[in-house]
Structure formats: C-alpha cells, structure tokens
Amino acid sequence: MTRQYLKYSPQSMESALKEVREGRMSRNAASKAFSVPRSTLCDKLDGKTPEDRRMGPPSVLTKAEETMLASFCIKYLKCGFPINRNDLCDIVQKVVQEDGRKTPFTNGRPGHFWFQGFMRRNPAITERSAETLTGGRASVTEGAIKKWFSDIHTYVVDEEHAGDVFEDPERIFNFDESNFLLARKKGNVLGPVNYKSFLQSSRENDKEGLTVLMGYSATGKIAPPMIVYAYKQHIPRDVAEAVESVDPTWAVGRSDTGWMTSLSFYDYMSQVFEPWLTANHIPRPVLVYADGHKSHLSLEIAEFCTERQILLIALYPNSTHLLQPLDVSVFKSLKSLWTTAKNKWKAANPLESITKKTFPKVFKEAVDQVSIGTVVNGFQKTGLYPLDQEKVDYSKCVKDQQVHEIAKDQQVHEIVKDQQVHEIAKDQQVHE
C-alpha cells in the first residue's frame, strides 16, 4: 500500500505553534485556523517530533547541505562560474555516490522532480536563461569588460570584505594551462628546384605534447607548475621521479586524456598551491584569476578555496587575449624559450627524442628564463594589477554599437530564412 503523506506548508505549522505558545489560541483552534493536523501539532508542542520535520519522502540531502549548494550557486555566479541544472545534478550525484547514500534516483542521478523540489525549498535562487556570448572574441565589447571590472571590485570589496588584496601584488595570481609539443617544429630545408615537395623522415610524433598548468603572481613570482600526464591509472614511478628530480616543488597531475580536469585542478590547489602559499608566508586572502572553464570549478574546489581564503575569479568569457596575463605576455615568451630549449637539447642528443621523462628537465630550462618583467608587464597590460580597466587594449574589442548591429543583422537573417522556409513549404503544398 502506498503511504499517503500529509500536505501543509511549514509556514502554517510555524504560525500554529506560535499562536498556541503565546496563548492566543488553543490547540484545537490553531489546528482548524491553520489547517494543520491536531495530532501533529500536539506532538511538536510536546517535543515528540522535531519542529522542522518536513513532509513527504525522506530528503536525500540535509537542509544544511541544500543551503550550502544554493549559496554555492549564488557565490560562483558572481565569480564568473555560472552553475546550470545539469551541473547541480552532477554535484548531487557525486555526493550521494561517494557517501554511499540510498536514493530513489535513477542511476543515482537526481532528475526533474528533485530539481523542482530543490528550487522550491531554496527560493533565494532561480533559474533563468543565461545571456549567450555569440561569435567568441568578436562579441567582447569595451562596455562588457568595464562592467566585469566593476562587478569583480564590488564582489571582492563588499561581499568578501577583502579590498586590500587589490593593493598587494604578492596576493594576486593568474593560472592557466597550455600544451607544449615534444617534437621540434620542422623548418624549411633545401633541395632541387624541380621537386614539388621535400620529404623528411622523423621518429617523433609532431602532435604529441604535455599540458602544463602555470601560475604567476603580479610580482612575477612563479607558483609550482603542474605537468599533466595522460594515464588511466597511476603515474609510473620513473615519470614522477623525473619531475621531482628537476624541482621537488613541481607537481605531477594525471587524467585519462592528459588535459586538465576539475579533479586535477582540485589536487593542485589543495596539495600544491595552498601548501606553497603557507610555506612562503603569503597573507590571505589571495586572488586567483582563471578562465571560466569547467575544469576550474567543482563543489570540492569551491569549498576548499572558501575554507582557505582563496578567491577564485573567472575572467570575462572569450576575453583571455585581453585580460589574462599569461596569454597576453607570458606564454608567447615561454613558447619561444621552449623551442630554443628543445633545439639545444636535440643538438646535444641527435639520436634521441624528448619523452615524458626527459620533458621536465628540458622544460625547466625554458621556465627559468621567463623574466620577472615579462610577467609583471602582463598584469599591467591587462589591468589586473594595478587594478585599472583603462589599461586594457580595447582596440581589440568590437564597439558595443557594432555588436548591436551584428545581432540585429542575425535577427533579420533568421526572419528571412523562416520566411523562405515558409514559402517553400507553401509551394510544396500547392504542388501536391
């Protein structure tokens, strides 16, 4: 037999309890006035059942957990990492699976009805269509970037109460990952004029590379890099030892594909970056700018960063060529130094190729040559330190009016297209 659950609002029960306790109503009168069961009202008044006990099936998450999730959604929208319905369900699925909780969910993943209930229980958040930035970098405007600067300043000062961080370059960081190819770039070769193509044999894979997470402060100081290897299980000991032998502070990451994942980034923040901050006596909070890729945010990352006073801020979408110091200044120099280091190593080892084990040693030669001035210049040119929105190179942006005209043209195009489809369908009907 299916159990029937009583339905009344928590507010009705709270009002009934208040009226009885303050002596304005009897138990019977309050039960009738607020349409709540008398037996349930009496049990709560007598302390037999909790006052905040919810109706319906048992909740999968506690009230505290749901409140924390709602706060998480609000906070990280302001930080530039918006959470959608699927993201939230992914988080809940991971929580219940890791805890081994029994749930009514199909395959352990919450569905539509759970989500609707969550939204009702947490009225501080709502679901809306996000403003879509179409056309990639072509849609980034000066007005949008200046609003981003204003929003970030307001958030850090008014909500985190950490406005002093903007004045301390030691506490401002930028992190990003990039791929570094192991093989040397093939240059031009000499040959007969009448040959259409010149062939060159190579034992190297031109496309093989390693992802490296790099981070610098606005003072030009480098945080320990993390080299991410593509392994489905554990990283081989000789590979890990090769990294450690180059610099014991450097980190080794792993993912199935060799690309950065939220788990890899969490491991880095919790096991490498935060201990490094402590060892170097860097005051908290610190400000970390990163692009808004999903690999840079998860519930675990958010909780850890909040606990350890690491303010993780997403750069404005599609604007890393304007706002990210590593993209604007550092990576161009580092990639050039990496090419030089590869050529130097290859000249000394003509019969060998750079491998996963030899990569760290060769790569460190390039990293050590990145100048402090290059890094500091990157933060200045992007306006991240000193915080100055006027330092951004807005010549690389389209004007706000141009974006409006492009959007208008797209709307006109869609209208014309719809009309054409309608006319074709009408002609087909006439033909039939």
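Asp87 has its place in helix α5 (residues 85-99); helices (H or I, at least four residues) and strands (E, at least two) are DSSP runs, numbered from the N terminus. The model is predicted: local features need pLDDT of at least 70 and side-chain atom pairs count only at pLDDT 80 or more, while totals for chains, interfaces and linings use all residues. Residues are numbered from 1 along each chain as its sequence is written, and side-chain values use heavy atoms, with hydrogens and water left out.

With a relative accessible area of 17%, Asp87 is buried (buried means under 20% relative accessible area, exposed over 50%, partly exposed in between, with a 1.4 Å probe and protein chains only). Leaving aside neighbours within four places in sequence, Asp87 is in contact with Pro82 and Lys294, contact meaning heavy atoms within 4.5 Å. A separation of 9.0 Å lies between the C-alpha atoms of Asp87 and Ser298, which are 211 residues apart along the chain.

## The six-stranded sheet

Six strands form an open sheet in the order β4-β3-β2-β1-β5-β6, with mixed pairing; two strands pair if DSSP finds at least two bridges between them. The edges are β4 (251-255) and β6 (310-314), each with a single partner strand, so one side of each is left without a neighbour in the sheet. Direction ignored, neighbouring strands of this sheet are turned by 25° against each other on average. Axes are lines fitted to C-alpha atoms, for helices over the stretch in contact, and angles run from 0 to 180 degrees between N-to-C directions.

Strand β1 (residues 172-181) pairs with β2 in the antiparallel sense over nine bridges, and Phe180 has Leu210 in β2 as its bridge partner. Strand β2 (residues 209-217) is mostly covered, with eight of its nine residues buried. An antiparallel pairing over three bridges joins β2 to strand β3 (residues 226-230), where Leu213 stands opposite Met226 in β3. The pairing of β1 with strand β5 (residues 286-290) is parallel, over three bridges, and Phe173 stands opposite Val288 in β5.

## Helices on the sheet

Helix α12 lies across β1 and β2 and runs at about 40° to β1. Helix α14 (residues 372-382) also packs on the sheet, where α14 touches β1 and β2, its direction making about 75° with that of β2.

## Nonpolar cores

A nonpolar core is a set of buried Ala, Val, Leu, Ile, Met, Phe, Trp, Tyr and Cys residues joined through side-chain atoms within 4.5 Å. The largest one has 100 residues, of which Trp148, Tyr268, Phe273, Tyr289, Phe359 and Phe363 touch the most other members. Helix α12 (residues 325-348) supplies the largest share of this core, eight residues.

Not counting residues up to four places away in sequence, Tyr268 touches Phe175, Leu213, Ala223, Pro224, Pro225, Met226, Ala251 and Phe273. Another core, of nine residues, lies apart from the largest one and has Leu17, Ala30, Val36 and Leu41 among its members.

## Packing of α4 against α6

Helix α4 (residues 63-78) packs with helix α6 (residues 112-121) at an angle of about 85°, their axes 11 Å apart. The two helices α4 and α6 are therefore roughly perpendicular to each other (angles under 35 degrees count as roughly parallel, over 145 as roughly antiparallel, 65 to 115 as roughly perpendicular and the rest as oblique).

On the α4 side, Glu66, Leu69 and Ala70 meet Trp114, Phe118 and Arg121 in α6. The residues of this contact divide into four nonpolar, no polar and two charged; Ala, Val, Leu, Ile, Met, Phe, Trp, Tyr, Cys and Pro count as nonpolar, Asp, Glu, Lys and Arg as charged, and the others, Gly among them, as polar.
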